Amino acid sequence: MRQLPHRATFALLVLAFIAAGCAQSETKGVSGLPPTPWVSRAVPDAKGDIKILPDGKRQAVRYRGWTTEDFGKYRTYAYDDSRPAIAPGRMPMPAVTGDPKKGRSLFLARSLGPCTGCHLVQGDDVWPAGNVGPDLSTFGDRRLPDEYVFNLIYDPRHIFPNTTMPPWGTGGVLKSDEIVHIVAFLKTQKGPLQLEKNRERNPETRPKPVGFGDNLDPTNNPAVIRAESAEALWVRKGPAGKSCAECHPGGPLQSMKGVATRYPKYVGHYTRVMSIEDFLTVHSPETTGTPMLAQSADNLDMAVLVKMASNGMPVAVNLSSPEHRAALERGMASFNERVGQRNHACADCHVSGKGADRFLGGRLLANVQAGLTRHFPTWRTSQAEVWDMRKRMQWCMTPLGMNMLPADAVEYAELELYLTSFDRGKPMSVPGIRH
Amino acid sequence: MDRLTDNSGVTRRALLRALGLLGLAGLGGPWPGTSGMAHAQAQGPGSLTNLGPEEPVEATMKRLFGSRPLKDGSSAIKLELPLIAENGAVVPMSVEVNAPMTPQSYVKTIYIISDKNRRPLNAKFTLSPTMGQAFVGTNLRLGETTDVRAIAELSDGTLLITKREVKVTVGGCGG
Amino acid sequence: MADIGRVRIRIPSSIKQGDVVKVRVLVIHPMEIVQRRDGKPVDKNYQFINRVVVTYAGKEIAQFETTQSVSENPFFSFAFKAMEPGLLTVTFLDTHGGKYEGTADIKFS
């Protein structure tokens, strides 16, 4: 059965919505999107550029330490990317003898799935396996035909049309004979199971992570100290001879009180939804003359400072105006859209009943419906860096096998609006601290 | 409510040192335009020769304590560590030794050793009776799942040891 | 790293004479780790804090020898017995000759 792509479904819903309320002529022509494509004002590493090398090979420009692999083949969130998701594919099972030992290495290989990211199997050395997918420790007892299992791994969508499991074969992550070895390995996964020696090994019994303590304590969270750099920036005169302080007297924490609770928001002057970080990229050069490129240290530090001014106040994004409603619909559509080489939607990992509150490998997947945006930007202990929501989104794209959009892309802003809708009424607490 | 104080100063000495770096490294350092010069070893306390060897934990233990007996300190030492570290870069740790801190008898030193780190000795805390309580905490960098040992040395030379395993998750989706 | 050397100390707002006080301190510092190229360590003077000195009311009360196994932006906590009013100073020394200091004024309430 060919599924209607989510974007089309939501587009129809929106059209139906508009058709139903056609009497309100103010919605005519209003989409909440800029009339011409938005020119990114991000640092070079954050623009999602593709470099063409002299030999014609394409290389993705990303942050230092991130892969340069180009995933241009696979569709992205870009609104002008109308390519469909990878169509379900099929391949005959090659006549190779499956080697269970090779299969086990492939199953555990971090450079591939790893399959253990979602599935537990037997072995004391299996660490850390996740439980987004079913426990396969006794999969061999089911005695499923080899060819069935091969097809399941090659492209599970023939059997489970709406599955989270990536199409490993069709997407080109696993070669056909590699899948044969994995099939042979899975056949060895038989009961009876040994008694579990380590509570942590099995994601079902593993204790949940405890976090990193008080996010607002500067002796705990370096990002709080970083925000103080922005206080100096606030009073510094830019090239235009003005500082933020001149138009916003009373100091940043007083003059910006409550402002961040309303972001991301539709800014009429730029005809697009903007986060604080997006807004700084245009507002700062236009007033003080100081550039505040997206993902620059100045931009991140200033965004933290501005948001801190609203700490303790409830998130109050506007979801009722026509522009906000349209943006919210598009953001929700992006959230549910299957993208990239692994054919994942945000929803696959971050919604209750799917991946949320389960382990993906060693990491617990967050539930967006619990409201997560009010802690962003956040300090990331594993990166020793401040990350805003955009870098977090751009990061996610990468293991999904999708090229990232510029950090200040409208698509990300509207996705962020959708995510922020779950924080409504909850108190802001910036900067956060997490792994 | 806690009081927070902020004092930071990069001293003049540090600034001058930074500016004069060329002068310090000049002796024996590679000069521009001379090829074929043997690799000069880096100078400074942070250079490889001064860092000490990468060694197995048994060698570290031998070097620090020789054949001195290590008593079971599991009841006297409270070693707090997460069971699972979400990343190895920042692993919060604290040690509290239930022992007096008087001039007559006190905890002199606390050693923190992580078995699997290339240089297992992570930190050495030297205390005095003025501390009032033998309590220290820090954040550790762990390369992989490992035992972390806390060894307390009392003023009379007694050594107490306890240890805990920390399972380290590496980053990335699925890892 | 522009903010290198910034120190923050946290002590209880109300201290009585004789209290055993817990102190939290953090310093911004890269704590450089050994780089490897083709599996071999790169030789250079890595910049990390290798000594922490705690003084109270003019006397040195503790000293920590620290390594690259302490996390970036190192955090330390310790306890001391507040017997007299005076300055508590935590000094961080790194392998590049850097010296970073934080102080807290111990007063009794």
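Biologist: Which residues does Arg199(A) touch, not counting residues up to four places away in sequence?

Modeller: Arg199(A) touches Thr205(A) and Arg206(A). Please bear in mind that this is a predicted model.

Biologist: Where is the place of Arg199(A) in chain A?

Modeller: Arg199(A) lies in the loop between helix H4 (176-187) and helix H5 (222-235) of chain A.

Biologist: And does Arg199(A) count as buried or exposed, and why?

Modeller: Arg199(A) counts as exposed because it has 11 C-beta neighbours inside 10 Å; the cut-off for exposed is 12 or fewer.

Biologist: What separates the C-alpha atoms of Arg199(A) and Gly250(A)?

Modeller: These C-alpha atoms are separated by 54 Å, and the two residues are 51 residues apart along the chain.

Biologist: Staying with chain A, which domains does the domain assignment give?

Modeller: The assignment gives domain 1 (1-48 + 210-435) and domain 2 (100-187) of chain A. Taken over C-alpha atoms, the centres of domain 1 and domain 2 of chain A are separated by 35 Å. Their contact takes 15 residues from domain 1 and 14 residues from domain 2.

Biologist: How do the residues on the domain 1 side of that contact divide?

Modeller: The side of domain 1 of chain A that touches domain 2 has 3 nonpolar, 8 polar and 4 charged residues.

Biologist: Next, the sheet with S7, S8 and S9 of chain A. What is the strand order?

Modeller: The order is S8-S7-S9 in an open sheet of 3 strands, with mixed pairing. Strand S8 (385-387) and strand S9 (432-434) of chain A are the edge strands, each pairing on one side only. On average, neighbouring strands of this sheet are turned by 35° against each other, direction ignored.

Biologist: In what sense do S7(A) and S8(A) pair?

Modeller: Strand S7 (residues 378-380) of chain A pairs with S8(A) in the antiparallel sense, over 3 bridges. Within that pairing, Arg380(A) has Glu385(A) in S8(A) as its bridge partner.

Biologist: Turning to the nonpolar cores, how many residues has the largest one?

Modeller: The largest nonpolar core has 134 residues. Those with the most contacts inside it are Val304(A), Ile110(B), Met131(B), Ala134(B), Ala152(B) and Phe78(C). A second, separate core has 30 residues, including Val132(A), Leu174(A), Ile179(A) and Cys346(A).

Biologist: What is Val304(A) in contact with, leaving aside its neighbours within four places in sequence?

Modeller: Val304(A) is in contact with residues that include Ala223(A), Ala227(A), Ala230(A), Val386(A) and Val430(A). Pro377(A) and Pro431(A) are also among its contacts.

Biologist: Let us move to chain B. How many helices and strands has it?

Modeller: Chain B has 4 helices and 10 strands. From the N terminus on, its elements run β-α-α-α-α-β-β-β-β-β-β-β-β-β. Of the 175 residues in chain B, 36% are buried.

Biologist: And how many has chain C?

Modeller: Chain C has 0 helices and 9 strands. Its C-alpha atoms fill a box of roughly 60 × 25 × 20 Å, taken along the principal axes. Buried residues make up 46% of its 109 residues.

Biologist: How many residues of chain B are in contact with chain C?

Modeller: There are 47 residues of chain B in contact with 47 residues of chain C. On the chain B side, strand S1 (2-6), helix H1 (12-19), strand S7 (121-126) and strand S8 (134-140) each supply at least two residues. That side divides into 17 nonpolar, 22 polar and 8 charged residues.

Biologist: How many bridges join S7(B) to S6(C)?

Modeller: S7(B) and S6(C) run antiparallel and are joined by 4 bridges. Thr126(B), for example, has Gln63(C) as its bridge partner in S6(C).

Biologist: Lastly, how many residues does the contact take from chain A and from chain B?

Modeller: That contact takes 21 residues from chain A and 15 residues from chain B. The chain A side divides into 10 nonpolar, 8 polar and 3 charged residues.

Notes. Residues are numbered from 1 along each chain as its sequence is written. Chains are lettered from A and ligands numbered from 1 in the order in which they are written. This is a predicted model: local features need pLDDT of at least 70, side-chain atom pairs count only at pLDDT 80 or more; totals for chains, interfaces and linings use all residues. A residue is buried if 20 or more other C-beta atoms lie within 10 Å of its own, exposed if 12 or fewer, and partly exposed in between; C-beta atoms are placed from the backbone. A nonpolar core is a set of buried Ala, Val, Leu, Ile, Met, Phe, Trp, Tyr and Cys residues joined through C-beta atoms within 7 Å. Two residues are in contact if their C-beta atoms, placed from the backbone, lie within 7 Å. Two strands pair if DSSP finds at least two bridges between them. Axes are lines fitted to C-alpha atoms, for helices over the stretch in contact, and angles run from 0 to 180 degrees between N-to-C directions. Ala, Val, Leu, Ile, Met, Phe, Trp, Tyr, Cys and Pro count as nonpolar, Asp, Glu, Lys and Arg as charged, and the others, Gly among them, as polar. Domain bounds come from an automatic or database domain assignment.
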